[in-house]
Protein chains: 2
Amino acid sequence: MRRFCSAAVLLLLSALGLAAQTAPPASPQGKTDPALTAVRAYRQANGARILGEFSQLLAIPNVASDTKNIAKNVAFLRDTLTRRGIKVEIWELPGASPVVYGQLDVPGAKRTLGIYAHYDGQPIDPKQWATPPFSPTLFTAATESGGVKRPFPKPGEAIDPEWRIYARSAGDDKAPAITALTALDALRQAKIPLTSNLRFLFEGEEEAGSGNLEAYLTSHRDRLNVIDAWLFCDGPVHTSRRAQLVFGVRGVIDMDLTVYGAVRYLHSGHYGNWAPNPAFTLAHLLASMKDDQGHVLVDHFYDSVEPLGPAERAALDAVPDDDAALRKELGLVETEDNNARIEERLLLPSLNIRGMASGGIGETAGNIIPSTASVSLEVRLVKGNEPTHMLDLVEAHIKKQGFFIVDKDPDMATRLAHPKIAKLARSPGYPAARTSMDVDIVFQIIQATSRAAGENVILLPTLGGSLPLYLFNDILAKPAVIVPIANHDDKQHGPDENLRLANLWYGIDLMGELLTMPVEK
Amino acid sequence: MRRFCSAAVLLLLSALGLAAQTAPPASPQGKTDPALTAVRAYRQANGARILGEFSQLLAIPNVASDTKNIAKNVAFLRDTLTRRGIKVEIWELPGASPVVYGQLDVPGAKRTLGIYAHYDGQPIDPKQWATPPFSPTLFTAATESGGVKRPFPKPGEAIDPEWRIYARSAGDDKAPAITALTALDALRQAKIPLTSNLRFLFEGEEEAGSGNLEAYLTSHRDRLNVIDAWLFCDGPVHTSRRAQLVFGVRGVIDMDLTVYGAVRYLHSGHYGNWAPNPAFTLAHLLASMKDDQGHVLVDHFYDSVEPLGPAERAALDAVPDDDAALRKELGLVETEDNNARIEERLLLPSLNIRGMASGGIGETAGNIIPSTASVSLEVRLVKGNEPTHMLDLVEAHIKKQGFFIVDKDPDMATRLAHPKIAKLARSPGYPAARTSMDVDIVFQIIQATSRAAGENVILLPTLGGSLPLYLFNDILAKPAVIVPIANHDDKQHGPDENLRLANLWYGIDLMGELLTMPVEK
């Protein structure tokens with residue numbers, strides 16, 4: 001893999017900025033683009049059929065634990081890929097959702113692209129949905145903007161790109177399969193050759209934590225080692241509706257912490273002002289961990305952060321600043337570190353309280369001194385942070401505050417030996433990942449995306465959230481770029497999940513460009 | 001009411017000290033005591049029946065808000081008193097638990113005693129109980145000391161005084177009704193006359209704050225004005241298991257506090273390290289209120305404390321120091337203020353956390369930034385503290401930390417105008433109270449109690465807990481002495497509340513002595 005200098009990225013960003021107003025299908029560089037022309041013509045002629053195929057897939061329930069329906073998703077994907085001449089394998093592991101693997105070799109192609117997406121979806125509570133989550137329904141706009149239900153279009157009928165399709169996994173994450181296969185159909189019809197071999201990997205338990213993905217990748221390394229770069233098709237585009245590519249994610253690891261007072265609840269009158277209250281003990285401990293500007297006070301917490309390279313720094317500086325609007329939307333006057341930009345803050349590890357509890361509040365409050373106080377802590381990790389090491393630092397901080405560390409509730413002898421005791425329970429976690437922008441295949445992906453978007457594509461060094469991207473980087477040692485297509489307001493994970501058709505169309509355009517992007521710069 | 005000098009109290013304390021080893025039923029003065037002999041003989045012959053009557057009362061659920069079951073408690077008490085020829089009135093006020101008032105006039109009695117207890121209990125969380133809270137269950141000892149369940153005794157079966165009866169309100173506060181009525185039965189059987197008229201007052205919402213007790217006492221003043229002294233039957237004996245009388249209580253007032261983050265739960269990945277976490281905000285606020293030695297840091301918090309008089313100080317100095325044993329029992333190495341004595345600490349106002357909550361912990365923890373964090377604060381008040389003023393001081397402290405104070409959840413405009421917002425909700429509270437020891441009827445009560453206990457009775461100027469004693473002092477202007485019988489380790493207010501039978505027996509002995517104590521010194 002040849003490296004190009006980061007100045008090239010800067011140049012590209014600048015070119016994209018200048019070209020942001022150019023109307024597609026001309027590329028930002030002003031040249032007519034045959035792939036884009038072909039996929040758009042195909043989509044305009046076949047819109048009703050594309051939506052039909054997408055709806056068929058969305059109609060299959062896909063909660064990872066629902067093995068019967070998971071098998072139906074697998075069968076649908078297998079048939080859909082096979083129909084296009086893609087060689088399919090169904091990978092299985094005991095107790096795991098199958099992986100649908102597809103292989104398409106292109107004569108003379110010098111490069112192989114991996115296309116990752118997941119076909120499972122978040123659990124649903126149908127009572128909270130306006131329309132049934134597995135009965136895909138078309139609306140004329142977002143329901144919160146006055147959209148109303150309408151029939152799916154007949155062949156040849158005009159389709160408004162502001163229409164939205166409502167169903168679980170419309171936004172997260174069944175669209176990538178449809179967009180890639182539609183782009184393939186369109187390019188074949190226009191006799192435009194692909195420039196890469198393709199490897200599809202559709203996972204079926206991403207929303208359940210991807211617990212078997214590492215085992216799948218490891219045991220099928222022989223199949224996957226030929227892949228030069230991964231397109232990780234998931235997540236939303238920027239809140240401004242502009243196209244974006246994302247080059248990393250934060251890692252995550254949790255730790256539950258309990259501190260102790262007396263061995264039992266005490267009457268707060270008879271013992272209050274004498275017996276230590278563990279809720280105050282916990283408050284002091286938590287206050288020692290983070291100052292009121294959000295700086296983590298744990299020693300060495302920021303030491304292992306890997307700084308951004310110049311390309312990432314330049315890309316970050318080009319991301320539009322949407323913070324003020326976001327604060328307003330969320331009802332916040334101030335955010336951490338004196339309103340530092342969210343993109344900057346996400347480049348640091350976080351120490352978050354997921355929840356805390358002691359005694360009772362409201363109806364359940366009693367006049368007692370609680371006997372324990374607990375908190376669920378979470379560290380989001382950035383590139384350079386080793387998950388276990390980060391929790392070691394937090395544990396060292398707790399020790400430094402005078403706590404004796406235990407891994408189960410202390411017995412009486414332990415209680416009587418140590419004035420301050422903290423029980424720690426760690427959960428498994430995984431590290432951050434970041435793909436360098438200074439790699440030529442990544443440069444090609446950026447260019448292809450900018451052509452599809454016809455605008456200044458946003459390049460985000462990292463998402464704040466976590467995905468098991470590190471597996472692709474670490475196990476397969478290949479670049480992985482997150483290629484989102486969904487609208488940011490797609491209500492992913494919640495009720496009334498939806499995809500805006502303009503975003504589905506963008507996804508097809510994007511796949512048309514990515515499947516035909518040149519190998520050489 | 002004649003006053004005697006505090007030297008008399010000191011003399012009495014000293015006499016009791018010398019007599020501490022004397023075996024009952026001889027009094028500390030060495031005389032055989034017919035009342036004590038009578039109630040003990042009666043109790044030995046009727047132990048199973050007494051426990052049966054107590055269990056019947058304990059089996060009736062008694063959370064003050066449960067009006068249907070509150071009515072069943074009222075009916076039970078009414079029938080139980082009526083059966084003994086006590087004239088019963090049920091006092092009612094809209095929205096209040098009824099008061100069960102009982103009147104027993106004794107021919108020739110020159111004195112009237114008021115007997116106060118409450119029949120309601122603290123709210124329960126049945127999941128936390130080893131046995132159902134309203135299915136009274138007998139154990140061979142405290143469960144934490146290896147006690148095992150056993151059947152209630154058959155008539156005539158020997159009863160171990162270390163057995164414990166487990167049920168809500170076993171310790172707090174259904175036993176006094178049973179002990180007083182059993183003593184009455186015993187004295188009647190032995191034909192020993194009472195020396196006082198009796199007035200029973202059973203309250204049904206003490207654990208809910210006694211919000212209507214003032215109205216009840218005021219509106220029935222004509223009935224109550226004849227009472228010369230109140231026996232306030234509640235609270236535990238000393239932690240050393242020695243008998244005690246208590247001459248005061250702390251007051252109490254609560255305040256719920258909520259602080260705010262974003263208007264909704266946020267994804268902790270996408271927003272963590274940028275959006276403020278209200279759980280950390282709360283931790284900082286709480287840490288600012290109390291140092292790690294338990295000193296409250298709220299300005300002027302200790303300014304209004306009224307010092308003890310010389311009699312109280314002398315009595316306090318005579319209280320045995322049981323702190324080391326208590327710490328050991330509770331699994332504590334250190335208590336607040338460098339192990340300062342509990343009796344001294346209870347002479348100061350406390351700032352307690354009853355409970356706190358934010359987000360979820362354990363199974364309910366999610367990868368989110370909570371949108372609120374709440375705490376239930378409680379101030380225990382001592383003589384001199386005005387309840388509202390003490391919360392004013394806490395509120396001023398919160399303001400001083402930069403919070404804007406609201407009384408309901410803030411709307412968007414309020415959120416966007418203030419970086420730190422705290423919602424405060426005060427509950428009604430009441431002040432501390434203290435009865436003078438320098439009154440002759442109090443002297444008689446001290447002597448009667450010492451006879452029942454057969455030991456050096458502890459005289460405590462104040463309990464740490466709270467009771468609406470101030471109403472008896474302030475409205476009725478009569479001395480009120482707290483006459484506790486429950487074991488200190490009765491887990492009152494928490495799960496697995498229980499009463500040790502030795503304490504129930506002591507309660508019957510005590511009532512036998514109090515109902516027959518001489519009018520003249």
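How many residues does the contact take from chain A and from chain B? In this predicted model, local features need pLDDT of at least 70 and side-chain atom pairs count only at pLDDT 80 or more, while totals for chains, interfaces and linings use all residues. Residues are numbered from 1 along each chain as its sequence is written, and chains are lettered from A and ligands numbered from 1 in the order in which they are written.

The contact takes 69 residues from chain A and 74 residues from chain B (two residues are in contact if their C-beta atoms, placed from the backbone, lie within 7 Å). On the side of chain A that touches chain B, the largest share, nine residues, comes from strand β13 (residues 350-359) of chain A (strands are DSSP runs of E, at least two residues, and helices runs of H or I, at least four, numbered from the N terminus). That side divides into 31 nonpolar, 25 polar and 13 charged residues (Ala, Val, Leu, Ile, Met, Phe, Trp, Tyr, Cys and Pro count as nonpolar, Asp, Glu, Lys and Arg as charged, and the others, Gly among them, as polar).

β13(A) pairs with strand β13 (residues 350-359) of chain B in the antiparallel sense over five bridges (pairing requires at least two DSSP bridges between two strands). A:Gly359 stands opposite B:Gly355 in β13(B).

Within chain A, residues of helix α2 (residues 34-58), including A:Tyr42, A:Ile50 and A:Phe54, meet residues of α4(A), including A:Ile178, A:Ala183 and A:Leu187. By class, this contact of α2(A) with α4(A) has 13 nonpolar, two polar and three charged residues.

How values were computed: Axes fitted to C-alpha atoms, helices over the stretch in contact; angles between N-to-C directions.
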